[in-house]
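This note is meant for a colleague who is meeting the structure for the first time. Please read it with the model open alongside.

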Amino acid sequence: MRNNRLFNLSRWRLASYYAGVMGLILGLCGLAVYEMTAQDHWRSLDQELTSLAGTLHDGLEPLLQQPGQLEPSVRHILPNLCIGPQACPRPPQRIHILNATQQPGYYVRFLNLNGQLLATAGENPPGLAFERETTRQQPLTDQRGNRYHQVSLQLKTATGQPWGYLKVGRSLVEYDHHLHSIQAFLVWGLPTMMLVVGGASWWLAGLAMEPVYRSYQQIQQFTADIAHELRTPITAIQATLETTLSAEPSPEEAYSTLQILKRQNYRLTHLIQDLLLLSRMDLQKVNRSQFQACCLNDLVSDLVEEFSGSALAAGVALSSKLDSQEPIWVRGEEEQLYRLVANLINNALHYTPAGGRVQVMLGSDKYQALIQVQDTGIGIAPAEQARIFDRFYRVDTARSRQQGGAGLGLAIAQAIAVKHQGSLTVESELGQGSLFIVKFPLFSIA
Ligand code: ADP
């Protein structure tokens with residue numbers, strides 16, 4: 001297949017379409033997984049921050065007396081609080097809320113109703129515009145480019161007056177890091193996967209095209225064989241005509257020429273009929289409703305009678321053996337069943353030297369009818385036995401052609417057997433003879 005440009009091109013096309021579609025599916029799946037992971041992570045991060053802000057809010061509000069003023073008792077809840085707009089000189093890495101230490105990266109901000117900073121706790125991201133609300137799409141960014149998510153709540157005094165604002169935020173470094181790892185996996189992993197998919201596509205395309213290529217080769221071989229088989233009689237006709245016409249032929253010469261033309265014409269007609277029969281069987285859908293009941297006993301005895309003349313001429317003893325006198329019935333096209341068994345008997349007579357024997361046996365078991373054609377002829381080597389059913393295949397080409405065979409007889413016989421839901425097999429030993437076995441499903445006539 002590699003040396004055939006057309007098939008190579010088709011294989012490339014098939015592989016690239018497959019790889020392209022797989023790449024698209026993988027890419028979309030990768031994006032979907034990335035988006036779902038990012039959303040999921042954000043949701044849990046936001047829930048955690050909201051619950052922390054809620055805890056602080058609920059704990060702080062009963063302690064607040066005057067709007068915009070932080071009572072010292074607030075330190076019970078936030079021990080690391082730096083009061084005043086200036087950040088603590090050395091702010092602690094982790095904030096403590098109600099004796100629980102939070103992860104690093106959190107901060108708390110208190111703003112009065114005018115938006116002025118009153119106190120801070122935890123991280124102190126430089127240049128963070130914490131007045132703004134945040135979303136997943138729009139988090140806060142400090143001067144170093146680190147991103148933060150923040151939850152903002154309004155605080156009221158113990159008496160219910162508006163006090164100011166509480167802002168609780170956390171760094172998104174960990175979240176971003178996680179997303180970057182997934183992105184890196186997708187950016188590097190997808191092309192690597194695509195290489196693997198490309199290789200697999202090429203291999204699969206090869207596998208898929210293999211049977212097509214085999215059929216293509218068979219068709220090519222078949223066409224070459226037909227051309228070859230047609231050329232032989234046509235060349236013979238041409239040569240005979242040219243020789244005869246080159247000089248004034250005598251009536252005897254003209255008669256002999258006509259005899260040759262008749263023989264070659266007969267050969268051509270047979271070849272074309274065989275080819276037509278094979279192609280009809282290939283193309284036509286089997287219509288079993290048109291099958292009739294055929295009695296194999298009649299068929300075997302008719303054929304043995306028909307071939308007895310040829311057998312006598314060839315010096316071969318032709319006989320039949322019926323297992324029982326009960327008629328054996330099958331369903332099928334009678335003409336084709338005759339053709340099948342006739343081909344087998346014809347071959348047996350052709351390939352059995354004078355003095356040999358050919359026997360046609362008919363029998364049945366519970367489900368099948370069995371026709372066996374046995375000869376004591378030249379036999380078939382084991383390596384050839386599988387190939388003799390191929391179209392135009394002949395073991396001994398010269399000898400077979402001499403007999404007038406084009407190598408289609410067994411191909412036709414097998415096609416007929418298959419059409420009738422049967423089988424045709426061979427058992428043979430070189431120099432000892434052959435046994436061709438045909439099996440058909442039985443048909444019972446009630
Ligand atoms: P052909 O027209 O050449 O006989 P077939 O398809 O009938 O073609 O047979 C294919 C080949 O199988 C023959 O060329 C022959 O070599 C071999 N063959 C078929 N029947 C027999 C047989 N009874 N004994 C030995 N060889 C056989």
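1. Basis of the note. The model is predicted, so local features need pLDDT of at least 70 and side-chain atom pairs count only at pLDDT 80 or more, whereas totals for chains, interfaces and linings use all residues. Residues are numbered from 1 along each chain as its sequence is written, and side-chain values use heavy atoms, with hydrogens and water left out.

2. Geometry of the helix pair. Two packed helices are described by the angle between their axes and the distance between the axes. Helix α3 (residues 173–246) packs with helix α4 (residues 251–283) at an angle of about 165 degrees, and their axes are 9 Å apart. Here helices are DSSP runs of H or I with at least four residues, strands are E runs of at least two, and both are numbered from the N terminus. Axes are lines fitted to C-alpha atoms, for helices over the stretch in contact, and angles run from 0 to 180 degrees between N-to-C directions. The two helices are therefore roughly antiparallel to each other, a term for angles over 145 degrees. The crossing of α3 past α4 is left-handed, meaning that the near helix is turned anticlockwise from the far one by less than a right angle.

3. Residues of the contact. Contact means heavy atoms within 4.5 Å. On the α3 side the residues include F222, I226, E229, L230 and I237, and on the α4 side they include T257, L261, Q264 and L268. By class, the residues of this contact divide into 13 nonpolar, 5 polar and 2 charged. Ala, Val, Leu, Ile, Met, Phe, Trp, Tyr, Cys and Pro count as nonpolar, Asp, Glu, Lys and Arg as charged, and the others, Gly among them, as polar.

4. Two residues of this contact. T257 is placed in helix α4 and counts as buried at 8% relative accessibility. Buried means under 20% relative accessible area, exposed over 50%, and partly exposed in between (1.4 Å probe, protein chains only). Leaving aside residues up to four places away in sequence, T257 touches T240 and T244.

5. Side chains of opposite charge can pair when their charged atoms come close. A salt bridge is a side-chain nitrogen of Lys or Arg within 4 Å of a carboxyl oxygen of Asp or Glu, and by this rule the count comes to 9. In one of them, E229 meets R394 at 2.7 Å, N to O. This pair links distant parts of the chain, with E229 in helix α3 and R394 in the loop between α7 (382–385) and α8 (397–402), 165 residues apart. E229 is buried at 4% relative accessibility, and R394 is buried at 10%.

6. Two further salt bridges. E333 pairs with K419, the closest N and O atoms being 3.1 Å apart. E333 lies in the loop between β11 (329–332) and α6 (334–350) and K419 in helix α9 (residues 409–419), so the pair ties together parts 86 residues apart in sequence. E333 is partly exposed at 29%, whereas K419 is buried at 12%. R43 and D40 form another salt bridge, with 3.4 Å between the closest N and O atoms. These two residues are 3 apart in helix α1 (residues 5–60), which means about one helical turn between them.

Terms used
Angles under 35 degrees count as roughly parallel, over 145 as roughly antiparallel, 65 to 115 as roughly perpendicular and the rest as oblique.
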